[in-house]
Amino acid sequence: MGVAIRTAGDGDRELIVRLLDEAFQDDPVSGWVFPGEQYRRATHHRLMAAFTDIVLAEGRVDVTEDGSACALWLSVPADDGGHGAERADGEGADGEGADGEGARDDGPAQLRRAVDPENERVELIGRLTAGIHPAGRDHEYLWMIGVVPGRQGEGLGTALIGSALDRCDREGRAAYLEASSARSRLLYERLGFEAAGEPLLLPDGPHMWPMWREPRPGGTSL
């Protein structure tokens, strides 16, 4: 049986936030940003809400009809200089403020203040991932994909990604992501993604693997 997928709207916000919060509680990168189970359960949802709001406004959220899985995508133009992901993460490039007296109030700092002001890792994760984001070519950026814990391993994530990659193939667009675990990296490799540079090692934390996929005329072959 196929997996029914639709595009989420504003009315799905709470569903998406709750889904992502549940799906990423045990993710290595989420565990690094929010160390400690109690702390993570109390705070992590704020970051997922910020991400959801940005992608609902600027990108596309695909969700399964039963609400058990979702994928957040952003279109990044070639002339974005790799900062499409940075801006969409609520982040911006470093620079001088309009007053000329210091670095402007950029997105990573804004995100940190909105989500968890005392947690410097909320800001740092955005700066580090923006720093490795490819530039110079149009592509679709898979920001996040989550499946609720009770439904993982059923192929829902593969179906969600495959649906979007089919669109990429039809339109001749590349795709990019950062894998947050060795397990997910293997899945993405099976879908045609390849390493896009050296892994990012978070300070005192896990690796993230930047991955790029060229469009395939024949599709994903799922």
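Val148 sits in the loop that links strand E4 to helix H7 (156-171). The model you are looking at is predicted, and its mean pLDDT is 87, with 86% of residues at 70 or more. The protein contains eight helices and eight strands, and 50% of its 222 residues count as buried. Among contacts with a separation of 6 or more, 68% are between residues 24 or more positions apart.

**Around Val148**

- Is Val148 buried or exposed? Its relative accessible area is 16%, under the 20% cut-off, so Val148 counts as buried.
- Which residues does Val148 touch, once neighbours within four places in sequence are set aside? Its contacts are Leu19, Glu22, Ala23 and Ser68.
- Ser68 lies 80 residues away from Val148 along the chain, yet the C-alpha atoms of the two are 5.6 Å apart.

**Strand E3 and its partners**

- Strand E3 covers residues 69-76, and seven of its eight residues are buried, so the rest of the structure largely encloses this strand.
- Strand E2 (residues 60-64) runs antiparallel to E3 and is joined to it by four bridges.
- Across that pairing, Asp62 is placed opposite Ala71 of E3.
- E2 and E3 form a hairpin with four residues between the strands, and Gly67 in this hairpin has a positive phi near 70°.
- Strand E4 (residues 139-147) also pairs with E3, through eight bridges in the antiparallel sense.
- Here Leu72 faces Met144 of E4.

**Strand E5, beside E4**

- How many bridges link E4 and E5, and in which sense do they pair? There are four bridges, and the pairing is parallel.
- Glu140 stands opposite Ala175 of E5.
- Strand E5 spans residues 174-179, and six of its six residues are buried.
- Both faces of E5 are covered, with Ala174, Tyr176 and Glu178 buried on one side.

**How H1 packs on H3**

- A helix pair is described by two values, the angle between the axes and the distance between them.
- For H1 and helix H3 (residues 37-58), the axes come within 9 Å and cross at roughly 135°. That angle makes H1 oblique to H3.
- The crossing of H1 and H3 is right-handed.
- On the H1 side, the residues that meet H3 are Arg13, Ile16, Val17, Leu20 and Asp21. Their counterparts in H3 are His44, His45, Met48, Ala49, Thr52, Asp53 and Leu56.

- Helix H5 (residues 107-115) has Gly107, Pro108, Ala109, Leu111 and Val115 as its buried residues.
- What covers the buried residues of H5? H3 and helix H6 (120-132) are included in that cover.
- The axes of H5 and H6 are 8 Å apart, at an angle of about 145°, and H5 passes H6 in a right-handed crossing.
- Pro108, Ala109, Leu111, Arg112 and Val115 are the H5 residues that meet H6. In H6, the residues they meet are Glu120, Val122, Glu123 and Arg127.

**A backbone detail at Asp204**

- Most residues other than glycine have a negative phi.
- Asp204 is not a glycine, but its phi is positive, at about 55°.
- Where is Asp204 placed? The residue is in the loop between strand E7 (200-201) and strand E8 (207-213).

**Where to read the model with care**

- Which helices have the highest and the lowest confidence? Helix H1 (residues 13-23) is highest, at a mean of 98, and helix H4 (residues 84-88) is lowest, at a mean of 40.
- Residues 81-105 have a pLDDT below 50, and this stretch makes 55 contacts in the model beyond near neighbours in sequence.

Definitions and conventions: Residues numbered from 1 in each chain as written. Predicted model: local features only at pLDDT ≥ 70, side-chain atom pairs only at ≥ 80, totals over all residues. Heavy atoms only, no water. Buried < 20%, exposed > 50% of the residue type's maximum accessible area, 1.4 Å probe, protein only. Helix = DSSP H or I, 4+ residues; strand = E, 2+ residues; numbered from the N terminus. Pairing = 2+ DSSP bridges. pLDDT = per-residue confidence, 0-100. Contact = heavy atoms within 4.5 Å. Axes fitted to C-alpha atoms, helices over the stretch in contact; angles between N-to-C directions. Parallel < 35°, antiparallel > 145°, perpendicular 65-115°, else oblique. Left-handed = near helix turned anticlockwise from the far one by under 90°.
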